[in-house]
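Welcome! Please have a look at it first.

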Amino acid sequence: MLNKRLRSLLHAHGPMTVGQLHALLGSSTPTNIRQTLRAMPDTYIERWSPSKNGRPSAVWAAIKRPTNCPPPKKKTTP
């Protein structure tokens, strides 16, 4: 369920850092958000942004599926 909420936030608000996503969600830890983003096939790090502690923060984005994109078909065995 977290992946659906993250995907909808990224589609609605555009690319965001884990900290920004955490502030909007409030219910999940940053570690859990980061792990979920890494496991999702349609999210990626768009760029790196400077942060207050001097370490760059990953700015995550989600790919929007085109409306005319057919869903994948099941593989059939010969």
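Q: Does Asp-42 count as buried or exposed, and at what relative accessibility?
A: Let's start with where to look in this predicted model: Asp-42 sits in the loop between helix 3 and strand 2. The cut-off for buried is under 20% relative accessible area. Asp-42 falls below that cut-off and therefore counts as buried, with a relative accessibility of 16%.

Q: Leaving aside neighbours within four places in sequence, which residues is Asp-42 in contact with?
A: Asp-42 belongs to the loop between helix 3 and strand 2. Setting aside neighbours within four places in sequence, its contacts are Arg-7, Ala-61, Ala-62 and Ile-63.

Q: Which residues of helix 3 are buried, and what arc do they cover around the axis?
A: Helix 3 spans residues 30-39, and its buried residues are Ile-33, Thr-36 and Leu-37. These residues are on the same side of helix 3, because the arc they cover around the axis is only 100 degrees.

Q: Why can residues three or four places apart in an α-helix point the same way?
A: Picture walking along the helix. An α-helix has 3.6 residues a turn, so three or four places on, a residue points the same way.

Q: Which exposed residues does helix 3 carry on the face turned away from its buried side?
A: The buried side of helix 3 has Ile-33, Thr-36 and Leu-37, and these pack against helix 1, helix 2, strand 2 and strand 3. On the face turned away from that side, the exposed residues are Arg-38 and Ala-39.

Q: What arc do the buried residues of helix 2 fall within?
A: In helix 2, the buried residues are Val-18, Leu-21 and Leu-25. They line one face of the helix, because seen down the axis of helix 2 they fall within an arc of 60 degrees.

Q: Which element supplies the largest share of the largest nonpolar core, and how many residues is that share?
A: The largest nonpolar core has 14 residues, and those with the most contacts inside it are Leu-6, Leu-10, Leu-21, Leu-25, Ile-33 and Leu-37. Helix 1, helix 2, helix 3 and strand 3 each give this core at least two residues. The largest share comes from helix 1, with four residues.

Q: At what relative accessibility does Leu-10 count as buried?
A: You will find Leu-10 in helix 1. Leaving aside neighbours within four places in sequence, Leu-10 is in contact with Pro-15, Met-16, Leu-21, Leu-37, Thr-43, Trp-60, Ala-61 and Ala-62. Leu-10 counts as buried because its relative accessibility is 3%.

Q: Which strand gives the most to the lining of the largest pocket?
A: The largest pocket has a volume of about 320 Å³. Its lining has 14 residues, and Arg-34, Trp-48, Pro-56, Ser-57 and Ala-58 lie nearest the centre. Helix 2, helix 3, strand 2 and strand 3 each supply at least two residues of the lining. With three residues, the one that gives the most is strand 3.

Q: How many nonpolar, polar and charged residues does the lining of the largest pocket have?
A: The lining of the largest pocket is made up of 14 residues. Sorted by class, they are six nonpolar, five polar and three charged.

Terms used
Residues numbered from 1 in each chain as written. Predicted model: local features only at pLDDT ≥ 70, side-chain atom pairs only at ≥ 80, totals over all residues. Heavy atoms only, no water. Buried < 20%, exposed > 50% of the residue type's maximum accessible area, 1.4 Å probe, protein only. Arc of directions from axis to C-beta. Contact = heavy atoms within 4.5 Å. 1 Å grid on protein atoms, 1.4 Å probe; cavity = no way out; pocket = protein on both sides within 12 Å on 5 of 7 lines; lining within 4 Å. Points joined across faces, edges and corners; volume = space filled by probe spheres on them. Nonpolar A, V, L, I, M, F, W, Y, C, P; charged D, E, K, R; others polar. Core = buried A, V, L, I, M, F, W, Y, C linked by side-chain atoms within 4.5 Å.
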